[in-house]
Amino acid sequence: MKTILLIEDNPDMRDNTTEILELAHYKVITAENGKQGIKLAQESSPDLIICDIMMPELDGYGVLHLLSKEPSTASIPFIFLTAKAEKNDYRKGMTLGADDYLTKPYDDVELLSAVETRLRKNNLLKTEYSRTEEGLYQFLNEAKSFESLKKLSENKKTKLFKKREIIYSEGNYPNAVYFLKSGKIKNFKTNEFGKEYIIELHKPGDFFGYLDLLENTAYQDSAVTLQDSEVVIIPKDEFNSLLYNNRDVASKFIKILSNEVREREERLLKLAYNSVRKRVAESLIMLANRYQEDKTKHFAIAITREDLASIVGTATETVIRTLSDFKEESLIEMKGSLITVLDYEKLARMRN
């Protein structure tokens with residue numbers, strides 16, 4: 001049974017709305033003012049909140065603003081109730097993040113229709129999607145059910161990039177978001193002396209190129225393929241439509257996009273403060289965690305010493321010497337550009 005929190009200061013309206021919702025088999029908890037409503041929302045984690053706007057102590061706008069600040073309540077669907085029908089009130093509520101808006105007086109059909117629609121859409125957006133091309137298109141196709149996003153998944157371009165081909169360059173302005181279908185891609189920055197530093201490596205299922213688009217700035221890094229790669233291209237205008245026209249879909253998509261940011265920050269912190277030996281070990285473990293498919297076998301990857309040095313943040317010669325030490329210690333094997341990790345556990349302990 002779904003739980004609905006009703007925040008309404010008018011006792012008659014509160015009782016009538018509660019009765020309608022309970023007849024439709026919803027569990028209803030009520031609050032007579034905004035402060036009480038916030039407390040109940042935090043304690044009970046309802047599936048949906050219906051809130052009056054004009055209330056004493058704390059109005060509905062304040063309730064929505066405060067609940068939106070808390071991770072535990074920010075994603076709860078929110079429907080405003082108001083006796084006003086002016087457009088500026090409607091716009092203010094939707095700008096703050098309301099999902100729907102009912103103007104008093106409303107009948108039981110209007111109320112139940114709004115509730116059922118919001119719960120149905122919220123259930124859709126809680127679905128987990130696999131980090132594959134099929135998962136991407138499943139999400140985009142289901143997002144088409146939202147009126148503002150009907151064209152979101154149409155005419156997506158998939159492009160094959162050859163090894164060492166540039167996808168976008170530092171300093172250019174973004175016009176798309178990218179999804180890696182197959183292959184490997186690196187993001188790197190170049191300093192004033194032309195030295196590369198790899199800040200991220202992508203595997204199939206990763207989105208990339210979106211942070212600068214979100215900030216509306218030029219690319220702060222470049223993206224280049226490490227091997228032949230297939231990339232799905234989502235145009236900028238469709239991405240912006242996704243973000244700005246539907247709060248729920250935007251929240252879901254941002255969650256998908258952001259799942260590697262914390263990993264990047266933790267890796268950069270370790271690389272900044274560790275010794276070169278620890279940083280090389282950290283980089284090899286990171287590569288194994290990102291790209292190893294068969295956990296029963298030794299991890300092996302073909303990577304140039306220059307690229308590995310760019311990940312570690314040191315000179316190529318230093319990386320070569322450290323790899324030679326690792327080889328003598330039977331931690332790795334090397335054959336040309338191919339590096340095979342023989343003792344994952346010892347490398348993992350070394351980085352700590």
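1. Helices (H or I, at least four residues) and strands (E, at least two) are DSSP runs here, numbered from the N terminus. Please keep in mind that this is a predicted model, in which local features need pLDDT of at least 70 and side-chain atom pairs count only at pLDDT 80 or more, while totals for chains, interfaces and linings use all residues. Residues are numbered from 1 along each chain as its sequence is written, and side-chain values use heavy atoms, with hydrogens and water left out.

2. For the overall picture, the protein has 14 helices and 16 strands. Of its 352 residues, 48% count as buried; buried means under 20% relative accessible area, exposed over 50%, and partly exposed in between, with a 1.4 Å probe and protein chains only. The accessible surface comes to about 18,000 Å², and 49% of that belongs to carbon and sulfur atoms. These areas come from the Shrake-Rupley method with a 1.4 Å probe, and for residues only the protein chains shown count as cover. Among contacts (heavy atoms within 4.5 Å) between residues at least 6 apart in sequence, 67% join residues at least 24 apart.

3. Back to α12, which is mostly covered, with seven of its eight residues buried. The buried residues include the charged pair Arg-305 and Asp-307, as well as Leu-308, Ala-309, Ser-310, Ile-311 and Val-312. For these classes, Ala, Val, Leu, Ile, Met, Phe, Trp, Tyr, Cys and Pro count as nonpolar, Asp, Glu, Lys and Arg as charged, and the others, Gly among them, as polar.

4. On to the packing of α12 (residues 305-312) with α13 (residues 316-328): their axes come within 8 Å and cross at roughly 100°. That makes α12 roughly perpendicular to α13. Angles of 65 to 115 degrees get that description, whereas those under 35 count as roughly parallel, those over 145 as roughly antiparallel and the rest as oblique. The axes are lines fitted to C-alpha atoms, for helices over the stretch in contact, and the angles run from 0 to 180 degrees between N-to-C directions. From α12, Arg-305, Glu-306, Leu-308, Ala-309 and Val-312 meet Thr-316, Val-319, Ile-320 and Leu-323 of α13. By class, this contact has six nonpolar residues, one polar and two charged.

5. Helix α11 (residues 276-291) also packs with α12, at an angle of about 105° and with the axes 9 Å apart. The two helices are therefore roughly perpendicular to each other. In α11, Arg-279, Val-280, Ser-283, Met-286 and Leu-287 meet Leu-308, Ile-311 and Val-312 in α12. Here the residues divide into six nonpolar, one polar and one charged.

6. Do have a look at the open sheet of three strands, which has the order β14-β16-β15 and antiparallel pairing. Its edge strands, β14 (300-302) and β15 (332-335), each pair on one side only, and the twist averages 15° from one strand to the next. Two strands pair if DSSP finds at least two bridges between them; β14 and β16 (residues 338-341) have three, in the antiparallel sense. Ala-302 has Leu-338 of β16 as its bridge partner. Helix α13 lies across β15 and β16, running at about 120° to β15.

7. Strand β13 (residues 229-235) is largely enclosed by the rest of the structure, because five of its seven residues are buried. Five bridges join it to β6 (residues 157-161) in an antiparallel run, with Leu-160 opposite Glu-230 of β13. Strand β8 (residues 176-182) is also antiparallel to β13, through six bridges, and the partner of Tyr-178 in β13 is Ile-233.

8. Finally, a few backbone details are worth a look. Most residues other than glycine have a negative phi, and most peptide bonds are trans. A cis peptide bond joins Lys-104 and Pro-105, with omega about -5°; Pro-105 sits in the loop between β5 (100-103) and α5 (108-125). His-25, in the loop between α1 (11-23) and β2 (27-31), has a positive phi of about 70° although it is not a glycine, and counts as exposed at 62% relative accessibility. Ser-45, in the loop between α2 (34-44) and β3 (48-52), has a positive phi near 45° and is partly exposed, with a relative accessible area of 45%.
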